[in-house]
Each structure stands twice: as C-alpha cells, then as structure tokens.
Amino acid sequence: MSDGALPAPARSGAPGTAGRSAVVVGGGLAGITAALALADAGVRVTLLEGRPRLGGLAFSFQRGELTVDNGQHVYLRCCTAYRWFLDRIEGAALAPLQDRLDVPVVDVAKPSGRRLGRLRRDPLPVPLHLGRSLAAYPHLSLAERAAVGRAALALKGLDLADPALDSQDFGSWLAAHGQSARAVEALWDLVGVATLNAVAGDASLGLAAMVFKTGLLSDPGAADIGWAHVPLGELHDRLARKALDSAGVRTEVRTRVTSVSLNENGTWSVQVPGENLETDAVVLAVPQREAHDLLPPGALDAPERLLEIGTAPILNVHVVYDREVLARPFFAALGTPVQWVFDRTHASGLRTGQYLALSQSAAQDEIDTPVAELRERYLPELERLIPGTRAAEVLDFFVTRERTATFAPTPGVGRLRPGARTKAPGLYLAGAWTATGWPATMESAVRSGVSAADAALSALGRPRPRHLFAFEEAA
C-alpha cells in the first residue's frame, strides 16, 4: 500500500474498468464492509483511511512483547451481519461463539458460598430457555426474579417500530414495571451497560428494548457470546486488508480526506493532500462529527443534528500477573467498580503469567482518572474478586481510553441518526451511529456498511452481490 500520491479511481465508462467507481472514506468496519460489498458487485473501489491501519475503534497495538486490543469487543450469535463479515474476511474460526450462553457473575458482597451465579440457557424455546437460570440466580430474591420474568414478557410485547419508545428512558420503564434497584444492577445493567454503553436511566427505551428482545427474547441461541481469540488487528486489519486486496479494492492508509464536493457533470471530487480523486459515488464511513465537516451543503436537511449525537467513553484496564490467577475465560462482577474481566493471555502472545483486561463501559466518571489512581482503585478490587491475585506479582498495569468509543444511546437519539442515503445523489453515509436500529456495536457498523453499499449499488445500476444479504435471511 502506498502512502504517496493516489491515482484517481476510474470514471464511469473508462476503458478497462468495471464501468463504475466509488470512494469509501474511513477504514473502520463500516467502511471495510461498504468497500467489499461494492467491489463484489463489480464497482472499482478506493478505500481511504487517515490512520496507519484499518479497524477503526476495534484495533490492536504493541506494548513490548504484548499485542494489546484497545478494548474488549464481543458479539452475539444474533449479530448476523458481523458474523457475515467474519466469514467474508475468512476470520470466523478466530472469533468463535460459545456453544451455549454461559456468563459467570461474581458478587463480592455475598457470603463466600453464594458469590457465583450464572446466566446460561437451556435447549428450550423462548422464554423457557432462561427460566431455570433465572430461577436459580442467587443475586436476586425470589420476588425480584418473578418480577424480572414479568418485565421480560412486557418487554417482549413492545413494538420496536413505535417511535415513542425512543423518547423514553429504559430506567423509568423498568421502575414502572416493578424492577428494584438491585434487579437493575444485577441483571438489566449487567447486560445493558456492556451492550449500550449506558446505564438504564440514561438509555433510550427503544434501543434497550431492541437489545433485550433481539438478544434474549428472539431465539434460544441469540445471546451466545463470541469474541476474538486473536488480536483484533489480525481480524480487522490484516485479514480485512487481504480480503480487500483480493476483491480489487485499492486501500490507502495515512490518507486523510479534506473535502468532498459534487461536480457539475454529476461525478464527485474527493480531495486528499496533493491529489483530487474523481468518482461516481462516495461513502462517508467516518464518525458523525467528521461526517458533518465533510458533508457538502444541502446533503442533509438538518446536518447540525449530527453534532447533537453525543458520545460515550469506555475505559479498559490491563493487568499482567506473574502467574495464572483466573481459570475461566471471563466473568462479570457485582458489588465492585469492576464490570467485566477477560483473560487475554493467549491472544496477546504472553508466554508466562496471565494478562487480564477489565472492560469498563459508561466510564464518564473515570475516563480521565490518572493511571496511578486507577491502579490503587482496581488492584484491590481484583484481589477481592479473584483470590489467586493476592499472592501474585503485578508485572504491568496500564489503561486504554476511548473517550468517544460509541454514540450515546440517550432518549431521543433515534431521530438524530440519519439513514444511508443523503439528498446529494451519489453520496452515502455509514457508521454505527447511522440509523441501523442497533446500538453502537460492531454489528451496527457492518449493517451500516451494507446499507450504504446497497443504496450506492441501486443508484449505480449494479446488481447486489447475492452473498452479501445472506445474513438478513438468517436474522
């Protein structure tokens, strides 16, 4: 891949080309997906990314001998678009799913014998698949468990197409449906904070209902968890680049787009330092603020709405011990600031000891806390949660911070999220923040790339690649 001057994508009808061209701005999951989909349909594609790598906010970096993911990313069996993406880049075997949902939940405030609970499913139809797990869940009282069941049935009855859901907050809905503060902490937020990046009181009822209905109340296996057993960069950069190269996409990194404009003849000009690329279609697969700055006048009726879409941070705490301290691959925690703990030893390349990563969503209160203070806060919490850490030596402690990790799923955000099409012919939007119906997840990013490619292919008169939409049939 060159980092110098770029050859312009072939214009419509140019000899020796497929006849149509597109430029995709942004090399995250949305941009990669859009580029692959367009190229698979015979469009000549150039993908431009300002960073030195692909993958957006799901990437890896080196720290000494460790290969570190910037944050722990998981997906669910119901994430059919991301599963398609993994298949498309030949990476599915590197990010396997659980055979069956099983989440250990440790409560440090409980007496020793009752600290561990599990959220797992049985091979039964919905909602019976979670019935036995909920009935035996030790972190809620019998009355709270019964109330959770009633709320789940009420949630299942909500119409996700009802725009009124977007204006309500999930916390108020839970309270109105008999959910105690403990039930919110030990169940609803346990799942919701990790998937929405917000506590129930700060989350749109529409997005929360979508998460729980799709993940827990649609299909018995929908919530089975998958995660990368290799560094994210292996998937979202190396394998993605290989797939793009094989599809004929020209991928340019360290190449920042400065402007996008419509030409008089209906083609588009994409300006990068020292070059002007002319093309038939443009997909802006960048964060909402960057998209706002690149949009030409008139492309959206109310472009300022993009700036009203807030962001939410995620903090990841990384600890390397001199010995194995945790036998299970991950667990969730209650009664402590710690949310989710994952074993990243093998994936990081660590040969001795153990490397744990703590994923802390909705981290507004801690995102700027100094490392020394986070160390003083979290190491004692890990000793409370994991007895094996008490005799272990900490070899390394560091944090990664994503201050704008996701869009904030606040009530009312749905009306701010634009679709893939703009009012400017040939210009399309992609990104997890667009109107996919999903919260800011890898699934949402891939779905947005598909939507943008579908809209562009329709306008370009190109047939949709048949395999691209296989995941919709499986959803």
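**The parallel sheet**

Mentor: Strand β1 (residues 21-25) is joined to strand β2 (residues 44-48) by five bridges, and the two run parallel; strands here are DSSP runs of E with at least two residues, helices are runs of H or I with at least four residues, and both are numbered from the N terminus. Two strands count as paired if DSSP finds at least two bridges between them. Within this pair, valine 25 stands opposite leucine 48 in β2. This is a predicted model, in which local features need pLDDT of at least 70 and side-chain atom pairs count only at pLDDT 80 or more, while totals for chains, interfaces and linings use all residues. Residues are numbered from 1 along each chain as its sequence is written, and side-chain values use heavy atoms, with hydrogens and water left out.

The pair belongs to an open sheet of five strands, in the order β9-β2-β1-β13-β19, with parallel pairing. Its edge strands are β9 (250-252) and β19 (427-429), each of which pairs on one side only. Neighbouring strands of this sheet are turned by 15 degrees against each other on average, direction ignored; axes are lines fitted to C-alpha atoms, for helices over the stretch in contact, and angles run from 0 to 180 degrees between N-to-C directions. In general, strands of a sheet pair through backbone hydrogen bonds, either parallel or antiparallel.

Helix α13 (residues 442-460) lies across β13 (281-284) and β19, and runs at about 165 degrees to β19; contact here means heavy atoms within 4.5 Å.
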